[in-house]
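Subject: Structure for you to look at

Hello,

Here is the structure I said I would pass on.

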Amino acid sequence: MKEGFRQSMAWLHTWSGLLVCWILLLVFCAGTASYYRNEITLWMQPELHAAAGQPVSSEQAATAAQTAMQERAEGATRWFITLPGERNPALQLGWNKPSKPGEKKKGRRGNFHSEKADPSTGEVLSKPRETRGGEFLYRLHFDLHYMSALWARWLVGFCAMFMLVSIISGIVTHKRIFKDLFTFRPKKGQRSWLDAHNVTAVLALPYHLMITYTGLVTLMFMYMPSGVTTAYKGDQDTFFSEAFPARVGETKAAGVAAPLTPFAPLVRQAEQRWGAQVGFVSVNLPGDANATVTLRRASGRDMSSKQPTMEFDGVTGKLLATYGEEMGGASNTHGVMYGLHIANFASPLLRALFFLSGLAGCAMVATGALLWAVKTRQKQAKALAAGKRPSFGLRLVEALNIGAIAGIPIAFGTYFWANRLLPVGLEERPKEEIAFFFGAWAVAAIVAQLRPTRAMWRIQLSVGAVLLASLPVLNGLTSGSHLGAVLLGRGPVAVAAFDLVVLVLGLGLAYAAFRLKPLPAKSVKSAKPATKADVTPDTAAGAA
Amino acid sequence: MEWITNFLVFALCYAGLSCLCLAMDRHYADLHGRGAEPPLQLRRRLRWAGWLALAFGLAWAMHSSGAGYGTVVWVGSLTCCGLLLIWLLPYAPRHAMLLARVAGVAALLAALVLAVR
């Protein structure tokens, strides 16, 4: 009976994993990259590299923002100001223009204007090229693309649920989880793939469990609405305003003009109260007698994603209310789970550890997919030796593996190349960059379906390697902040770090391609060489 | 001093994992030749040292950066050190163990520096 249970779990592990592994790989790669989405966006806007300079106090930045907004955001009904922090040196200003009567609505964000400004003067930074930057990768990892966000989130949630099933059944199946904890035997075919799969899964197991579970938690109100529906009798809005009271309310305008209170004393008051920096300022109805100013604490080292806010009267500067300073247990649990998933609290070192664990996750998914192909090929070895063709399923999986594992790094690399090579003034530039991402990936995937061979692995891995490893050179040629300049202290460290990481990932891919050199005629039978190094880097590269 | 704190957690994790690894027959044999088994007393000592190092690492991480944050740092360090150790083992087992000794000594020194300060 016991053996039967374990075997049925092995079956569950195999199929729940295989069914969703290619989407999961994309989600994992894009999600891992999202740990550095600010840095990626900075890399993709070389016009801003020079501005990433002196830190400015949040009081000073808030004052500069207020002056700038009063000059430039005439007639706006809401202001959104993100103050500079350790990972975003620029001041981010946003406002919505009131839609004129008779004017067609341009969608939800149609009338929203946003720009980056110098935090000490409030002047607009030299207008950077338009790009979605790291934001695209972040959205990609739960909204996918070219489909409605709602369907995408259901799809990703479905995959995440399968992943959770896969992880738990995997733990049950893994008989020697402690005995084999440190075991990796390279160059032993299927054995090595299994070892690599086990090692990347078990060593980062706390991370895998955490990220999958909290990933589901981030969208739990969508996946499991019944609790809220029952408790609030279907009134979702009341629930959200009670659960997340910090959201800017819908106060009616008085229609009487009144000057806005200066931000600096408010910021000082909030920082004294919290003992931490203010990260975000929003203003409702600026210039009106009913104006309110809301300050939100910057995410510090606190694990919860929920930050307290203070609401002030926008004319007198009187404190009206505070929210989120004393949170209930459930709310706090939700905040910590959400916080763990997005890791905004992480110091640079901890962020790097999250990134590394994310790469281990990519490697786990990729080795799992490869393992299925290697095992199935083994089962069909006799038929294959007799000159028969591989079964349809095997061929399909092998082709999808190439398209995903070797194809995703190509897509990432192409996205970054397009960012630098497309003309700066191009119409709808962000869309074009994204089209290059998916275009390159589609080509890789289709070509892989046509010829899923060892040579195809080699070619695609090499292409990915060249695209990624040459990014530092491209950066040097198309911006002033090449590696040398940054090492001499004349340029942002984040850009140099990006260059080095993609270089390492590219070299990893190159090594994998090298290991796939044509076999001597006699051992053609074993289709792929098997070491961890062969797969870790190529999946990893996607996450750059 | 933040880096020395982080370093201590890392060094303890690496040294601890290496001790636990060396206490296992297979990995002891990797180093001392096929079929070699660690003497009972050595095995016991390695296990104790390994678990102690890991526990002390966790305690130190929690003490220096808070229970929640410290635990996350410690788990992340374990994953990182574990991957490094496993990657080194098949290719350069002696270097892996040399690194473990260095990490152990460095951890003692770092702990001393932090205690004196």
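**Where the chains touch**

In this model, 19 residues of chain B are in contact with 19 residues of chain A; two residues are in contact if their C-beta atoms, placed from the backbone, lie within 7 Å. On the side of chain B that touches chain A, the elements that give two or more residues are α1 (2-22), α2 (25-32) and α4 (67-91) of chain B. α4(B) supplies the largest share of that side, 15 residues. By type, the side of chain B that touches chain A has 11 nonpolar, 7 polar and 1 charged residues. Here Ala, Val, Leu, Ile, Met, Phe, Trp, Tyr, Cys and Pro count as nonpolar, Asp, Glu, Lys and Arg as charged, and the others, Gly among them, as polar.

Helices (H or I, at least four residues) and strands (E, at least two) are DSSP runs, numbered from the N terminus.

**How to read the model**

The model is predicted: local features need pLDDT of at least 70 and side-chain atom pairs count only at pLDDT 80 or more, while totals for chains, interfaces and linings use all residues. Residues are numbered from 1 along each chain as its sequence is written, and chains are lettered from A and ligands numbered from 1 in the order in which they are written.

**Chain B**

Along its principal axes, the C-alpha trace of chain B spans about 45 × 25 × 20 Å.

Of the 117 residues of chain B, 39% count as buried. A residue is buried if 20 or more other C-beta atoms lie within 10 Å of its own, exposed if 12 or fewer, and partly exposed in between, with C-beta atoms placed from the backbone. In α1(B), 15 of the 21 residues are buried, so this helix is largely enclosed by the rest of the structure. From its first C-alpha to its last, α1(B) reaches 31 Å, close to the 30 Å expected at 1.5 Å a residue; the expected span is 1.5 Å times one less than the number of residues.

**Chain A**

Chain A comes to 21 helices and 7 strands. Buried residues make up 43% of its 544 residues. Chain A is divided into domain 1 (2-47 + 137-218 + 349-542) and domain 2 (52-125 + 246-323), with bounds from an automatic or database domain assignment. The centres of these two domains, taken over C-alpha atoms, are 40 Å apart.

**The core**

Which residues have the most contacts inside the largest nonpolar core? They are L25(A) and Y14(B), and the core has 169 residues. A nonpolar core is a set of buried Ala, Val, Leu, Ile, Met, Phe, Trp, Tyr and Cys residues joined through C-beta atoms within 7 Å. Helix α13 (residues 348-379) of chain A gives the largest share of this core, 17 residues. Domain 1 and domain 2 of chain A both give residues to the core, so it lies between them.

Leaving aside neighbours within four places in sequence, Y14(B) is in contact with C81(B), L85(B), A100(B) and A103(B). As for α13(A), 23 of its 32 residues are buried, so this helix is largely enclosed by the rest of the structure.

Regards
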